[in-house]
Amino acid sequence: MDTNLPVTSQPRIVIIGCGFAGLRLAKDLADSPVQVVVIDRNNYHNFQPLLYQVATGALEADSIAYPIRKIFAGQTNFFFRMADVQRVDAERNTVVTNIGDIRYDHLVIATGSLTNYFGLESLERNAMQIKSVPNALNLRSYLFQNFERALLAEDPAQRQALMNVVVVGGGPTGVEICGSLAEMRKDVLPQDYPELDLKKMEIYLVESGGEVLGPMSVDSQVKAKKYLEDMGIHLRLNTKATRLEEGKLYYSETEFIRTENVIWAAGVNGAAVAGLPEEVVAKNKRINVDTVNRVTGFKNVYAIGDVANMVTEEMPRGYPMLAPVAIQQAEQLANNFKRLLHGEALMPFKYFNKGSMAIVGRNRAVVDLPGDKHFGGFFGWLTWLFVHLMTLVGFRNKAVTLISWAISYFSSDKALRLIIRPYKRNDFKDDKGKNTAQHNASTPQYNPSVPTPTAPVVGG
């Protein structure tokens with residue numbers, strides 16, 4: 001079965017994943033004499049850099065998600081199938097999915113990344129993550145469920161654990177969510193929970209390295225650290241989270257932080273697909289590719305974006321897992337497909353670093369630009385807002401997000417404190433045989449017969 005895709009004499013390029021890389025590649029092939037087929041488990045493209053704002057109630061999910069079919073409306077060579085990819089059968093030039101087999105002439109793997117817990121099982125079972133829209137909605141529900149429970153807690157230690165939040169990982173995601181939580185603690189939560197002493201709510205950022213925003217400049221690291229400290233965030237640098245048990249996050253055998261809210265933002269692995277030879281998948285689950293993004297040992301299989309492990313003399317550890325890298329690799333691969341159609345040699349990928357940035361809070365952000373230029377504060381904050389707003393897909397999403405940001409800025413309020421679907425954490429090992437990736441992407445359905453989940457009672 002070929003999932004009712006039209007038969008054509010044109011080459012079929014199948015793209016697995018519609019993140020930054022897959023989306024750009026499909027759009028850049030719009031005028032090429034090829035059939036473009038995109039496969040994704042969701043029928044929408046989501047803007048991952050703003051997931052933390054969904055998790056903290058600043059934005060609704062549909063502000064950062066956009067229907068894939070609407071994005072490509074009018075592109076006559078584009079076809080979309082919503083499916084879970086089970087494996088690649090390279091011998092038959094086929095992608096095996098839960099809705100049937102899809103044949104390809106050229107395959108592009110753009111599956112992005114998954115959370116890496118570094119083998120820490122208790123954290124994998126119990127910490128929250130922010131890699132998808134369902135993750136963000138689950139985290140939002142879970143945080144506010146715990147504040148509801150804190151209202152009812154008679155034990156002061158349990159109440160404190162329900163209010164405390166620990167973010168593990170000092171990269172952009174960890175820094176940004178810490179800043180957003182600090183603003184919630186200052187402006188939002190006291191309005192909703194006047195019975196709680198929110199001055200006692202503690203927010204911790206745990207980072208195994210010696211600085212926050214490790215890949216950025218020293219200037220930006222120092223600024224970000226000061227912003228976080230000024231906002232009342234407790235920084236635990238050179239500290240490794242080791243396990244999460246009974247409402248305690250341990251960072252040594254005996255030392256711990258009492259909390260029921262742990263957000264994991266410490267690392268990612270590539271989301272390699274099954275069916276590829278073991279030797280082409282690196283230890284971090286990224287797929288080894290050459291300088292034209294072709295998978296090692298294959299002539300018609302490519303990988304781009306976070307899942308691609310392109311090792312060069314300039315980048316001996318591979319290119320960073322960043323949206324600009326993914327977009328530029330997609331653009332280059334689209335040009336190479338056009339060259340391939342004309343019988344021309346493929347051109348190697350060259351990355352142009354346009355800079356990096358991270359937001360900490362209102363009027364607080366840091367920006368690094370090429371040429372060793374750095375700035376922050378209000379101007380950095382405006383730059384971050386502009387770049388992210390312009391990168392969002394769809395006029396409606398841009399407009400809604402801009403309005404939401406304006407309201408939040410002038411009112412210091414985040415209106416989306418909604419527990420629409422109570423979240424119940426499941427151990428992935430006992431989740432009806434689902435594997436980790438399926439568990440992490442799953443969305444629990446609301447069931448009114450299921451009570452709001454409880455957590456272990458925290459001792460004194």
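1. A strand here is a DSSP run of E with at least two residues, and a helix is a run of H or I with at least four; both are numbered from the N terminus. With that in hand, look at Asn238, which lies in the loop between strand S13 (233-236) and strand S14 (243-245). Its phi is near 50°, a positive value in a residue other than glycine. Asn238 counts as exposed because its relative accessibility is 61%. Exposed means over 50% relative accessible area, buried under 20%, and partly exposed in between (1.4 Å probe, protein chains only).

2. Keep the source in mind. This is a predicted model, in which local features need pLDDT of at least 70, side-chain atom pairs count only at pLDDT 80 or more, and totals for chains, interfaces and linings use all residues. Residues are numbered from 1 along each chain as its sequence is written, and side-chain values use heavy atoms, with hydrogens and water left out.

3. Asn93 also deserves a look. Its phi is positive, about 50°, although Asn93 is not a glycine. The residue is found in the loop between strand S6 (85-89) and strand S7 (94-97). Asn93 has 28% relative accessibility, so it counts as partly exposed.

4. Now the overall layout. The chain is divided into domain 1 (12-41 + 83-115 + 269-342) and domain 2 (121-266). These bounds come from an automatic or database domain assignment. Taken over C-alpha atoms, the centres of domain 1 and domain 2 are separated by 35 Å.

5. What does UniProt place at residues 12-330? An unreviewed entry there gives the feature "domain: FAD/NAD(P)-binding". Such annotations may be inferred rather than shown by experiment; feature names are shortened, and positions follow the numbering used here. Over residues 12-330 the chain is 29% helix and 25% strand. The end C-alpha atoms of that stretch are 17 Å apart.

6. Next, a sheet. Four strands form an open sheet with parallel pairing, in the order S13-S12-S11-S17. S13 and strand S17 (261-264) are the edge strands, each pairing on one side only. Two strands pair if DSSP finds at least two bridges between them. Strand S11 (residues 165-168) and strand S12 (residues 203-206) are joined by four bridges. Val168 has Val206 in S12 as its bridge partner.

7. Two helices go with this sheet. Helix H7 (residues 172-192) lies across S11, S12, S13 and S17, at about 170° to S12. Helix H8 (residues 218-230) packs on the sheet and touches S12 and S13, making about 130° with the direction of S13. Contact means heavy atoms within 4.5 Å. Axes are lines fitted to C-alpha atoms, for helices over the stretch in contact, and angles run from 0 to 180 degrees between N-to-C directions.
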